[in-house]
Amino acid sequence: MRTPGGPDVAVGDVLLSVKAVSLSFGGVKAVNDVSFDIRKGEIRAIIGPNGAGKTSMLNIINGFYHPQEGRITFKGKARSKMRPHEAAHGGIARTFQNVALFKGMSALDNIMVGRTLKMHRGILWQLVRSGPALTEEVEHRHRVEEIIDFLQIQAIRKVQVARLPYGMQKRVELGRALAMEPDLLLLDEPMAGMNMEEKEDMSRFILDVNNHFGTTIALIEHDMGVVMDLSDRVVVLDHGIKIADGTPDEVKTNQVVIDAYLGVAH
Amino acid sequence: MVIFGQFLEVLISGLLAGVLYSLVALGFVLIYKASGVFNFAQGSMVLLAGLALVRALDFLVTKGFSFWAAVVVGLVFAATIMAITAWLVERFVLGPLINQDGLTLFMATIGITFILDGGAQMLFGSDVYPLPLFPSDAWFLLENAFPGGILVSKIDVFGGLIAAALVVGLALFFQRTKTGRALRAVADDHAAAQSVGISLNWIWFIVWLVAGLVALAAAMVWGTKLGVQFSITFLALKALPVLIIGGFTSVPGAIVGGLLIGAGEKLAEAYLGPAFGGGIEYWFAYVLALVVLLMRPQGLFGERIIERI
């Protein structure tokens, strides 16, 4: 793996910063004047009750939504309106809340698509599958097989993903994101709908990705136990507003956060 | 023996004619698969490609080029025209309409149809232009086995060969190239495709370009058969039942659908025609499509439609 974050960003420095960002759909403010940062090498959780604006925030970072106000800085450069495929070029990968895989393809092909940006050989070479294109294809297949080994999905690599159980689909989706060798990995509820065992597996993979490859991770998650175990720092959103930001312990004991989750007696 | 020979002759000519329907249907399937747009303009793209080819050819031949050199240059010219069309369509129509629903995009392609029809005839003229790319006579096969042999038209055979080459080329393109893989990815999930760095605009340009090249192939064959003329756009209507039978999302479906309709309508004409007083060829395809719609709405090869309530 190449050095995540590139040579210009050292571990612990700010990789991405969100400053005073607001996003509204018509009259509804999905995100309201939110600022936080993600430091290189950390696992950053974004939590909050339903409708807090977590996924909107991820979509902003990823370029699917463009905030009306505020500024986003990635790797030290202020970002103008950026589209998702450009964010991918910049080194941002993601998974989706409801698993967005290429359903007609095998697990292997899905992960292979994650290598799209890294393949450069001419289309004619690829068509006849020889010469430099063959070398390249083999090289990328190699990287993909490593990811498959890492995620322990050897047994299902040739299976069409639509036929896989949900937990496995989530794993393939993580594999596709990893194939991009991202600097910043966004995970939208990586454990939603999983049983205890699957959750433990997924937690282990997330920690391993962070430890072994040094990939910076931002994740949204509902399972509080998981969030507290995994993350270095947590930002809490409620109704589009940031209500807390800090280590899991600080956030856990924050009265505003407790009220937001449990509701306050009026 | 005479009866069987006759049957074979009708069947073969039907199958070969069917291949030509498949050629037009293929263009529809490509665009529908990758962008969910039913491209009403496919027939007009055949006209545009055909006019560009035949007019360039005539011009070059009068300038003293040898015929086959002129064909090569003419094909390059027509391909360039299709590439420009693809770029314009993506840039000014589909790009701005991103994320609109299917009916909106369908209406937009109806608009494109009229612009292409008008533009093509304004640029290249609106007469009937003969396109003598392939010999127009026929072979007589198996003269020993059947009295008089089996008549097989050469144009249809060349058309079949072109279609076969196209299908093999497309299959390799989809399976082996990065762009082909990206196309399949876009067809399955737009958001996920974008998230791995695939640009939708680029993919849509590629799809329309490939559909344009398929239209050029269709124009080569149909143009030789009928002459390049406005009525070639009505081919799009013949492709509709092919799509319904084969399924809108399946490349093999487009081929099989074309073959079924081609063979079906010729056989029906020959054997049922007398009972109905002839003319079956003109409506057989649509009735067959209706039957398929009633029994298997997604087509023979289409993705199964699962409705959850």
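**View 1. Strands β1 and β2 of chain A pair in the antiparallel sense.** This is a predicted model. Strand β1 covers residues 14-25 of chain A. Eight bridges link β1 to β2(A). One position shows how the two strands line up: A:Leu23 stands opposite A:Val31 in β2(A).

**View 2. Four strands of chain A form an open sheet.** Read across the sheet, the order is β2-β1-β4-β5. The pairing is antiparallel. Which strands stand at the edges? They are β2 (28-39) and β5 (77-79) of chain A. Each edge strand has a single partner, so one side of each is left without a neighbour in the sheet. From one strand to the next, the twist averages 25°.

**View 3. Helix α1 of chain A packs on the sheet.** The helix spans residues 54-62. It touches three strands of chain A: β1, β2 and β4 (69-74). The direction of α1 makes about 65° with that of β2(A).

**View 4. Chain A as a whole holds 10 helices and 10 strands.** Its radius of gyration is 19 Å, close to the 18 Å that the globule rule gives for 266 residues, so chain A is as compact as a globular protein of that length. Along the principal axes, the C-alpha atoms fill a box of roughly 70 × 40 × 35 Å.

**View 5. Burial and contacts in chain A.** What percentage of the 266 residues is buried? Buried residues make up 43%. Now take the contacts in chain A with a separation of 6 or more. Of these, 69% join residues 24 or more positions apart.

Note on methods
Residues numbered from 1 in each chain as written. Chains lettered and ligands numbered in written order. Predicted model: local features only at pLDDT ≥ 70, side-chain atom pairs only at ≥ 80, totals over all residues. Pairing = 2+ DSSP bridges. Axes fitted to C-alpha atoms, helices over the stretch in contact; angles between N-to-C directions. Contact = placed C-beta atoms within 7 Å. Rg over C-alpha atoms; globule rule 2.2 N^0.38 Å. Buried ≥ 20, exposed ≤ 12 C-beta atoms within 10 Å, placed from the backbone.
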